[in-house]
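This briefing is meant for someone meeting the structure for the first time. Please look over the sequence and the model before reading the points below.

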Amino acid sequence: MKKIDLKNLTITKAHESLTKGDFTAVELAQAYLAEIEKKNGELHAYLEVYDNVLDQAGFADKAIAALKKEKKEIPMLMGIPFAIKDNILVKGKTASSASRILENYSATYDATVIKKLQQKNGAVLIGRTNMDEFAMGGSTENSAYGVTKNPHDTSRVAGGSSGGSAAALAADLCLAALGSDTGGSIRQPASFCGVIGMKPTYGSVSRYGVMAMGSSLDQIGPFGKTVEDAQIVFDAIKGRDPMDSTTISSDTYPRVSLKKKPVVGVPMHFLDKGLHPSVKKTLDETISKLKEKGYEIREITLPNIAYSLPVYYVIMPAEVSSNMARFDGVKYGLHKDGKNSIDDYFASRAAGFGPEVRRRILLGTYVLSSGYYDAYYYRANAARRIITDDFAKAFESVDIVLTPTAPSPAFKIGEKTADPVAMYLEDIFTVTANLTGLPALSVPAGCAEIDGKKLPIGMQLTGRHGDEATLFEAGKDIEIGV
Amino acid sequence: MISKKDIENLADLARIKLSDGEKESLAKDVDSILAYVDQIKAAPIGDFKPSAGAVKNVMRDDAIITTPAEDRERLLDEAPKREGDFVAVKKILSQE
């Protein structure tokens with residue numbers, strides 16, 4: 001088998017090698033499959049490695065050869081091996097959302113992002129990755145199929161809910177990955193695993209074929225080993241889709257021209273407590289680094305940002321309780337027999353949903369029930385509006401808002417499972433981007449040394465609606481190789 | 001305080017069967033989460049008027065689309081119980 005330096009490989013480098021013929025897409029896929037064989041047993045990043053990986057790669061090789069012959073441009077992602085989160089549909093393959101209720105569900109169609117990657121660009125899909133059940137969690141500990149371990153320290157979590165995708169990329173079990181992000185589910189695992197992760201502007205990537213969790217919050221986004229790679233994937237999957245009426249076009253938001261050195265705002269009032277010392281240190285270093293590179297740093301106030309997390313934990317469960325109603329044991333998924341037709345629902349949902357999913361369904365049912373609706377759901381939506389207004393105001397004077405992605409590096413497996421609120425606090429810096437619809441990018445910017453292990457720390461850059469470009473440019477200035 | 005009875009009502013609305021032990025632990029969990037989210041009561045929301053916001057409704061054409069037979073088969077095959085071209089459920093009307 002051909003020896004390929006997977007550790008230092010990026011999409012751009014692989015594309016160059018595939019074009020020049022240093023290695024073929026089949027050889028590249030074989031190298032990743034061998035790595036998966038070695039490491040996935042312990043890490044549990046993939047729930048399933050597809051049985052047609054080499055066929056897909058062979059198809060890419062043929063396409064590359066044909067395009068070369070015709071002297072045509074080879075798409076950047078042709079032959080590039082991807083990991084796909086288990087809540088994104090790939091026609092004919094199992095898509096379970098790491099839930100028992102969909103254990104044997106076979107996707108009946110391709111998600112738009114899959115069509116774009118596979119059919120339009122010739123990417124190779126390696127398999128489906130582990131996650132918190134229906135994307136509800138921050139550690140993959142809520143998967144019905146066991147936890148994903150962090151490649152940097154296997155006693156720690158990979159983060160979540162897209163922990164499998166982040167771990168697969170960090171451990172060189174794929175070259176790029178897709179995740180979904182409802183409250184930080186791409187960015188927090190990216191931070192924990194030392195890779196780049198982005199939650200794009202709400203509506204910029206089609207969600208047709210991704211399982212809905214919180215429909216006013218959900219976005220699909222890319223994972224990459226470099227900011228450039230993440231940008232390449234984002235460019236390939238974005239765009240309007242008639243199958244998702246919430247998608248936006250490139251002119252939905254006013255175009256912002258790229259500034260040479262954008263102004264970076266830091267809401268210090270929100271960052272003065274609760275940060276792990278290593279995260280605080282990385283934040284300070286990142287600010288110095290940006291200053292050195294000529295960025296102007298400005299302290300800003302986001303008066304209502306502290307309400308973000310409690311607002312999120314009202315709106316999200318409300319939407320969850322509605323979206324999860326579709327699982328009835330009739331149309332698809334697990335069926336358990338009850339005494340009658342209604343009782344079938346009770347039995348099927350009891351057998352199919354795990355503890356966190358039940359908890360959120362019940363919480364959502366509560367905040368939407370008559371008598372409590374005004375105090376919770378209505379009020380949360382009002383507070384969501386003032387938080388969004390705060391950001392709009394901040395973006396009148398700054399181009400980027402900088403915070404850490406998570407308050408600490410990866411925590412130990414089991415450390416937070418007993419207390420749901422402690423787990424929810426992990427999302428404190430990430431949920432605002434989902435509530436406001438703003439794009440946010442997590443970039444590895446430092447490391448903590450704990451128990452003799454180097455744990456990555458990500459910084460989060462939030463930008464104006466539709467202005468991913470500024471985030472990518474600034475991200476390139478702060479990223480470090482982990 | 002959320003009681004075991006409250007949890008039973010919510011589970012009934014959400015159509016999930018719960019064990020007795022789970023009712024107890026869920027009452028405790030939901031209570032602690034509600035205590036946390038109660039902070040929103042202090043948010044200065046002013047004279048908020050609910051609206052759909054910046055998004056507008058997008059409708060597709062009301063056109064007849066014929067689903068290819070192969071797609072129909074795939075969809076029907078995912079149903080736990082199938083009878084011919086129908087998804088099968090238990091009888092919901094009885095003769096009395």
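What follows treats the contact between the chains, then the salt bridges, and then the packing inside the protein.

The structure is a predicted model. Between them, chain B and chain A bury about 4600 Å², and 69% of this lies on carbon and sulfur atoms. On the side of chain B, the residues B:Arg15, B:Ile40 and B:Phe48 lose the most area to chain A, together 16% of what that side buries.

**Contact between the chains**

- The contact draws on 57 residues from chain A and 45 residues from chain B.
- There are 18 residue pairs in polar contact between chain B and chain A, counting pairs with both residues at pLDDT 80 or more.
- In chain B, the helices α1 (4-14), α2 (20-37) and α3 (69-77) each supply at least two residues of the side that touches chain A, and the largest share of that side, nine residues, comes from α2(B).
- Sorted by kind, the residues on the side of chain B that touches chain A comprise 28 nonpolar, 14 charged and three polar.

**Salt bridges across the contact**

- Five salt bridges are counted between chain B and chain A, and one of the salt bridges in the model pairs the side chains of A:Asp337 and B:Lys81 at 3.3 Å, N to O.
- Another salt bridge brings together the side chains of B:Asp29 and A:Arg359 at 2.9 Å, N to O; B:Asp29 lies in helix α2 of chain B and A:Arg359 in helix α11 (residues 355-368) of chain A, so the pair joins two chains.
- Both B:Asp29 and A:Arg359 are buried.

**Salt bridges within a chain**

- Over all chains, the structure holds 43 salt bridges.
- A:Lys225 and A:Asp172 form a salt bridge, with their closest N and O atoms 3.1 Å apart; A:Lys225 lies in the loop between β8 (219-224) and α7 of chain A and A:Asp172 in the loop between α5 (163-170) and β6, so the pair ties together parts that are 53 residues apart in sequence.
- A:Lys225 counts as buried at 19% relative accessibility, and A:Asp172 counts as buried at 7%.
- A network of salt bridges links A:Asp153, A:Arg156, A:Lys412, A:Asp451 and A:Lys453.

**Packing inside the protein**

- The largest nonpolar core has 167 residues, and A:Phe82 and A:Phe134 have the most contacts inside it.
- Apart from that core lies another, of six residues, including A:Val157 and A:Phe192.
- Helix α1 (residues 11-20) of chain A has buried residues, among them A:Ile11, A:His15 and A:Leu18, and its buried residues pack against α2 (25-43), α3 (53-69), β6 (176-181) and α7 (227-237) of chain A.

Terms used
Residues numbered from 1 in each chain as written. Chains lettered and ligands numbered in written order. Predicted model: local features only at pLDDT ≥ 70, side-chain atom pairs only at ≥ 80, totals over all residues. Heavy atoms only, no water. Contact = heavy atoms within 4.5 Å. Buried area = accessible area lost by both parts, 1.4 Å probe. Salt bridge = Lys/Arg side-chain N within 4 Å of Asp/Glu carboxyl O. Polar contact = N/O pair within 3.5 Å; in protein donor to acceptor, adjacent residues only side chain to side chain. Helix = DSSP H or I, 4+ residues; strand = E, 2+ residues; numbered from the N terminus. Nonpolar A, V, L, I, M, F, W, Y, C, P; charged D, E, K, R; others polar. Core = buried A, V, L, I, M, F, W, Y, C linked by side-chain atoms within 4.5 Å. Buried < 20%, exposed > 50% of the residue type's maximum accessible area, 1.4 Å probe, protein only.
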